[in-house]
Amino acid sequence: MSSLPRRAKVQTAVYKDEFSSFSELSSASEGDDKEDSTWEPQKKVPRSSKQPVCKQSKPKRVSRAKTNAKKNAVQMSEGSEGVTVKEEVLNSSVAIADVDLEDRKNKLDTMQTLKRAKTKRKNSAQSPSAPRTKKLKADEETNQASNFKSEGNSAETPSTSTLGDGACKKEESEDDCTSGQSPLKKVKTETCPQGQPVTLPASADNITEEVEMSWDIVQVLSERTNIEPWVCANIIRLFNDDNTIPFIVRYRKELINNLDADCLREVQQTLEELRAVAKKVRSTIQKIKKEGKMTECLLRALLNCKTSEELEHVSVPYKTGSKGTKAQRARQLGLEEAARTLLENPGKLNLLSYIQPSVKGLSALQDIETGVQHILADMIAKDRDTLDFIRKLCQNRYISIQSSLAKISSKKVSEKDVDKFHLYHNFSCNIRTIHHHQILAINRGENLKILMVKVNIPDGVKNEFCRWCIQNRWRPRGFARPELMKILHNSVDDSFKRLIYPLLCREFRAKLTSDAEKESVMMFGRNLRQLLLTSPVPGRTLMGVDPGYKHGCKLAIISPTSQILHTDVVYLHCGQGYREAEKIKRLLLNFNCSTVVIGNGTACRETEAYFADLIMKNYFAPLDVVYCIVSEAGASIYSVSPEANKEMPGLDPNLRSAVSIARRVQDPLAELVKIEPKHIGVGMYQHDVSQTLLKATLDSVVEECVSFVGVDINICSEVLLRHIAGLNANRAKNVIEWREKNGPFINREQLKKVKGLGPKSFQQCAGFIRVNQEFARKFCSSQQTESAGPSQGAVVTLPAGAEGTNEKQGKKKNKTAANVVLKPDPLDQTCIHPESYDIARRFLSFMGGTLCEIGKPEMQQKIQSLIEKEGIEKIAERLQTTVHTLQIVVDGLSQPESFDFRTDFDKPDFKRSIVCLNDLQVGTVLTGKVENATLFGIFVDIGVGKDGLIPIRNITEAKLSKTKKRKSLGLGPGERVEVQVLNIDVPRSRITLDLIRVL
């Protein structure tokens, strides 16, 4: 079901990386050199693909004159033959260098660079006198992970942002994301070779800390996500440079090794988690230093923490208001020396010498033995090797999570709520095989105080652990008397029971919950994407129906352009059905409407039966009326929102819901983006997962969908525009205001004139914004006629992006500029990014095509024949670009003018009749539409008023369509399927289905 590749890592590696870096905590009085050596942080094994450390200062602002001088000098060096350019520019303002080296060589260079940086970092870490004054900020991760040195690359990556010479300087136009001029603003310039170190801006992050973490964020990120280190380094750098996921996925494929958006989101979430841990470590270190309790061993322990659980385990004794642990109180009594002597030289230990009758805790021999036991237990629980051993031991044993019915004394818990969790009243499952939805259900039951949950570690683990501790790790270095061995045995047993076992339980449950929440959020995102990308039904007049009983059914008729033609209220379920039928027929005939859209809320079933009965009687003749059912989730919330009030002022909120229901069929994406994603209602346990993570993921999915579909800049709404990558509410508002003030956009270059939309924002959004060429040409023609008519003056026609200039400033300049007519660029209606316009033009010239042929069959034939003859790799090499960039150019030139990739997805299921639950029989084969997808199965609307469930075990890859484009192996909302009824439970209204095939 998941669209993300499942991780195939060995469990040992996972636990070791996530939980093994626990501290070797001891007090400042620990002075024995041999004992201290056991707490030294584990030295990292040098890998060939470590990230570099680059001492990078903040990039300086370079004047335009100096910039142009550098560009000219570089372009001169470009003239030498045989120069192979191997980088592609990350920022649109930077020249897109020619990616010409093989992936193999790129990765080799990356490994060498990362190795050199690792060596440098290791040497600096080994100097004991050097103060720890390096920055911790999550930018430090990329300073270590992906800060790439750019020196020496000028000859390989010539800047080509200026095209004034008239010659094609390789991919010059990609430098500034324009087709004919240098950028309006100078942006930080970077290179981005595939898998090679790249310079990062010093201001990439806001976290500033004087501590350096002991772990390598690129390596940890690679291990947790199972992605190559060079890809992780590039991803960190791309995110630090404020690149959006849609832009990266479409225009920077080489740098991320063709990862999809879901994978990028997972990496981003993991990166944020690591940065959050580093931030917590920073604040914890500051707090402990302020209290004067910091020791060298504690500092090492804190810097080794990779998870919140590890940090909590190390820092909990030092929290404000804490009375300290039993071990700390024993150390304060001076018993640490006795504990160390028991391990180092037990023959010399005399516990009677520590007795002080007047001191509490030292008054009796038993008190002293107890104190020594607490110190030893604490040392065992904080030892790295000991924790590594117990974790490895647990990996090979059967560890289960168990739930049982709690002793309910609260009157707030009803029997109905208790029955909901009947599957978990006596439940037990291996933590490695338990499903994500089971974890979420158990957690919910525990939060409601209905279930009691515990992690069961078998006694065999404890016995083997205690035996290993006594005989190996914590074995005294000399003969120990029986009474001392008894103290050691009690210490090991106490350490496991009181400290290590609770720690393991927290770790297991935290990881299970985290994984379950992430998978639930990912499932929610996949369902949302499937719903947003439902194929639109353009060109139809639609009647939206918001069903109801007492307050009637609200009707709204909208035109093919989504304009409201008529609204009304009819009372179909109050004994006036036949009288209202005449009104409905009259409305349908008057507006020539043959499609009815019914919301699936209250009275939906009765309303559907009403329309189905009239259709079967051919009541609406001569119209051939069909109807469909759509989800009205979020329609009520939207109808009373400020956005709806602004869009439909003066209209009753109930009627607004009917309008929204109709528009969800006409253009689902444009309508559903107006509603907060979590209210659309596709997913499970949305209230139990992290709301921050859920919102971030769903907003990212909406941005991805809107960007990949694209918007027409001259007709799109402000609400839709704000979801384009690189834009936000303020920028979208400024774009709309500019459009209203200055008229429609003629080309993409005019976006740079919008207030607040700088080069970086332009780079991110330009490829997803379309300019309708027919509309632009008509507008230019009318403007040219108006300009030449009254004044009979000359009209200057400039290419896209060019601006009229005048030596004299002030009014004369404005007057001249008023007579300038911008020329539309046919490439502005394609998915080709402005940074690749030069490549597109060279490709057209190479195959003998013209811009006028874009999207026409002749263009498709020319491209197909050229690729079959030359091969896309050779063409890319000849054009000195990458295969991925050339593929985008080919797609943009081949796709028809009104291309919408949503046509590959499913349309709403239009019906004319209805089936009842009682009409179903086991074995009946039906067609239906997927309504929701969960981690345990798929809910399908088969037209009987109750969704049927296809259990997850009945969905196999063989049953899924191999020809249809899909984002994952799982089914999503909107897809049409053929199913067979397996079981019908009429009293509980439950239908079990089997998937036959996807239609």
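**Notes on the model**

1. P622 is placed in the loop that runs between α21 (604-616) and β8 (626-630), where helices (H or I, at least four residues) and strands (E, at least two) are DSSP runs numbered from the N terminus. The peptide bond leading from A621 into P622 is cis, with omega near 10 degrees.

2. This is a predicted model, in which local features need pLDDT of at least 70 and side-chain atom pairs count only at pLDDT 80 or more, whereas totals for chains, interfaces and linings use all residues. Residues are numbered from 1 along each chain as its sequence is written, and side-chain values use heavy atoms, with hydrogens and water left out.

3. The protein chain contains 35 helices and 17 strands. Of its 999 residues, 54% are buried, where buried means under 20% relative accessible area, exposed over 50%, and partly exposed in between (1.4 Å probe, protein chains only). Taking contact as heavy atoms within 4.5 Å, 75% of the contacts between residues at least 6 apart in sequence join residues at least 24 apart.

4. Two residues other than glycine have a positive phi and deserve a look. D242 has a phi of about 65 degrees; D242 lies in the loop between α7 (229-240) and α8 (245-251) and is exposed, with a relative accessible area of 53%. Q880 has phi near 60 degrees; Q880 sits in the loop between α34 (872-878) and α35 (883-894) and, at 27% relative accessibility, counts as partly exposed.

5. How do α17 and α19 pack? Helix α17 (residues 436-447) and helix α19 (residues 482-532) meet at an angle of about 115 degrees, with their axes 9 Å apart. That makes α17 roughly perpendicular to α19, on a scale where angles under 35 degrees count as roughly parallel, over 145 as roughly antiparallel, 65 to 115 as roughly perpendicular and the rest as oblique. The axes are lines fitted to C-alpha atoms, for helices over the stretch in contact, and the angles run from 0 to 180 degrees between N-to-C directions.

6. On the α17 side of this contact are H436, I439, L440, N443 and E446, which meet R509, L512, T513, D515, A516, E517, E519 and S520 in α19. The residues of the contact of α17 with α19 divide into 4 nonpolar, 4 polar and 5 charged, with Ala, Val, Leu, Ile, Met, Phe, Trp, Tyr, Cys and Pro counted as nonpolar, Asp, Glu, Lys and Arg as charged, and the others, Gly among them, as polar.

7. Helix α9 (residues 261-291) and helix α26 (residues 691-709) pack at an angle of about 150 degrees, and their axes are 11 Å apart. The two helices α9 and α26 are therefore roughly antiparallel to each other. Their contact is made by A261, R265 and Q269 of α9 together with L693, T697, S700, V701 and E704 of α26, and by class the contact of α9 with α26 has 3 nonpolar, 3 polar and 2 charged residues.

8. Helix α24 (residues 653-666) has 14 residues, of which 12 are buried, so α24 is largely enclosed by the rest of the structure. The buried residues of α24 include L655, V659, I661 and V665, and R656, R663 and R664 are also among them.

9. In α18, the buried residues are V461, F465, C466, W468, C469 and I470. The buried residues of α18 pack against α14 (365-381), α15 (384-395) and α19.

10. Two further loop positions are worth checking against the display. L448 lies in the loop between α17 and β3 (451-456) and, at 43% relative accessibility, counts as partly exposed; leaving aside residues up to four places away in sequence, L448 touches V413 and F421. H551 lies in the loop between β4 (542-546) and β5 (553-558) and counts as exposed at 62% relative accessibility. With the neighbours up to four places away in sequence not counted, H551 touches V569 and Y571, while H551 and N654, which are 103 residues apart in sequence, are 9.6 Å apart in space, C-alpha to C-alpha.
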